[in-house]
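Please look at the sequence and the 3D structure below. The report that follows goes through selected parts of the chain, one topic at a time.

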Amino acid sequence: MPQPFTTRDFADRMARAATAADDAGLAGLVITPGPDLVHLTGYRPTAITERLTALLITPGEQPVLIVPKLERPDAEAAPGAAAVRVTDWTDGSDPYRAARELLDPTGWYGISDGAWAMHLIALQEALPGTSYTSLTASLPMLRAVKGADELERLAAAGAAADAAYRDILTVPFAGRTENEVAADLAEALRRHGHSQVDFTVVGSGPNGANPHHEAGDRVIAEGDTVVLDFGGLKDGYGSDTTRTVHVGAEVPAEVREVHEIVRRAQQAGFEAVRPGVACQEIDRAARRVITDAGYGEYFIHRTGHGIGLTTHEPPYMVEGERQPLVPGMCFSVEPGIYLPGRFGVRIEDIVTVTEDGGRRFNSTPHDLAVVG
């Protein structure tokens, strides 16, 4: 088990967030329950309800955590609580009064992407002169650059997902449903330390041409190509990996060809990773290989997404994203080719930016594995 984060860790994160808000021209930040609040305070409310909970970060001032009175003991027990001032409100009172007294009545604030609309609208009604922007739009780097302790957790999550993949290669595929193999994957992730399984995509045969196929009752047959995309949270941090396997020893030449193209595209995307390179260049590097091979129209999604406290978060490896890579960023590199009605192939690793390039958090072979 990794060492828990300390009050100092959370205080430093909040201080960096306040500086980033100031640099962006924001009056401050309104952080609501979800990964932003966990990242900054370690506080994860037992129940996210209609009751207002919000961390207010104002540059130059101590952060304030507003919570319902009945949840104050839990909030004060959070590891970052000692670095904030906690204030509460009771049922029957106006929960926005405390916020009204703490916010600049004409300020421009960054607010968590997942904030409930009812809370944002109520804040706007309480302070008509305020305006708000999402954190993804205003501070996309808030959680993007990971510290050494976070990288350790992400590496461990990746290793656990790799162990689950090695396990799944030993189970029967032919004659079983996608749901049954998906259940095996989920069990393997938990067996190797995941507390939460977010997805277990098992796309067999033509279903593999749907990148986000939900495992179903289709029976996997000899001769099927199967896309396996799976991940979740271990010690609070995400895993996400994809490998493509073939059922039966007779692998069609076209499947081998498409898989090799995707393998080369994934390698090209990985080799493009280095500090200062724009995120879109990772997408371009991988996409160029697939386009040059004549399959460009069948690569139908971005090349990657960030990962951390959630399995999908900024930054995104997609055309138009000019954010330069910074050491400590973590994201997927996952090109694919999807031939409608026939099969799909995807290969995905989680990668972190180092001082001089990139490092994978997944180490299982990229070869097309054959399963029974």
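## A hairpin and its strands

In the hairpin of S14 and S15, three residues lie between the strands, and Gly-341 takes a positive phi near 75°. Strand S14 covers residues 336-339, and strand S15 covers residues 343-346. Strands here are DSSP runs of E with at least two residues, and helices are runs of H or I with at least four residues, both numbered from the N terminus. S14 and S15 pair in the antiparallel sense over four bridges; two strands pair if DSSP finds at least two bridges between them. The bridge partner of Gly-336 in S15 is Arg-346.

Both faces of S14 are covered. Gly-336 and Tyr-338 on one side, and Ile-337 and Leu-339 on the other, are all buried. Buried means under 20% relative accessible area, exposed means over 50%, and partly exposed is in between, with a 1.4 Å probe and protein chains only.

## Basis of the report

This is a predicted model, in which local features need pLDDT of at least 70 and side-chain atom pairs count only at pLDDT 80 or more, while totals for chains, interfaces and linings use all residues. Residues are numbered from 1 along each chain as its sequence is written, and side-chain values use heavy atoms, with hydrogens and water left out.

## The six-stranded sheet

In what order do the strands of the open sheet of six strands stand? The order is S4-S3-S2-S1-S5-S6, and the pairing is mixed. Strand S4 (85-89) and strand S6 (131-134) stand at the edges with a single partner strand each, so one side of each has no neighbour in the sheet. From one strand to the next, the twist averages 25°; angles run from 0 to 180 degrees between N-to-C directions, and axes are lines fitted to C-alpha atoms, for helices over the stretch in contact.

Strand S1 (residues 28-31) has both faces covered. Gly-28 and Val-30 are buried on one side, and Leu-29 and Ile-31 are buried on the other. S1 runs parallel to strand S5 (residues 108-111), with three bridges joining them, and Val-30 stands opposite Ile-111 in S5. S1 runs antiparallel to strand S2 (residues 54-57), again with three bridges, and the bridge partner of Leu-29 in S2 is Ile-57. S5 in turn is joined to S6 by four bridges, and these two strands run parallel. Gly-110 stands opposite Thr-133 in S6.

Helix H1 (residues 7-23) lies across S1 and S2 and runs at about 60° to S2.

Helix H5 (residues 117-126) contains His-119. Is His-119 buried or exposed? His-119 has 6% relative accessibility, so it counts as buried. Not counting residues up to four places away in sequence, His-119 touches Thr-49, Glu-50, Arg-51, Leu-52 and Tyr-96. Contact means heavy atoms within 4.5 Å.

## The pair H9 and H10

The axes of helix H9 (residues 253-271) and helix H10 (residues 279-292) come within 8 Å and cross at roughly 155°. H9 and H10 are therefore roughly antiparallel to each other. Angles over 145 degrees count as roughly antiparallel, under 35 as roughly parallel, 65 to 115 as roughly perpendicular, and the rest as oblique. The crossing of H9 and H10 is right-handed. A crossing is right-handed if the near helix is turned clockwise from the far one by less than a right angle, and left-handed if anticlockwise.

Which residues meet where H9 and H10 are in contact? Ile-261, Arg-264, Ala-265, Ala-268 and Gly-269 in H9 meet Ile-282, Ala-285, Ala-286, Val-289 and Ile-290 in H10. By class, this contact has eight nonpolar, one polar and one charged residues. Ala, Val, Leu, Ile, Met, Phe, Trp, Tyr, Cys and Pro count as nonpolar, Asp, Glu, Lys and Arg as charged, and the others, Gly among them, as polar.

## Loops and a cis bond

Lys-69 is in the loop between strand S3 (64-68) and helix H3 (72-76). Lys-69 has a relative accessible area of 48% and is partly exposed. Leaving aside its neighbours within four places in sequence, Lys-69 is in contact with Asp-88, Trp-89 and Thr-90. The C-alpha atoms of Lys-69 and Thr-87 are separated by 8.3 Å, and these residues are 18 residues apart along the chain.

Asp-235 is in the loop between strand S8 (225-234) and strand S9 (237-238). The phi of Asp-235 is near 50°, a positive value in a residue other than glycine. The peptide bond from Pro-314 to Pro-315 is cis, with omega near 5°, and Pro-315 is in strand S12 (residues 313-317).
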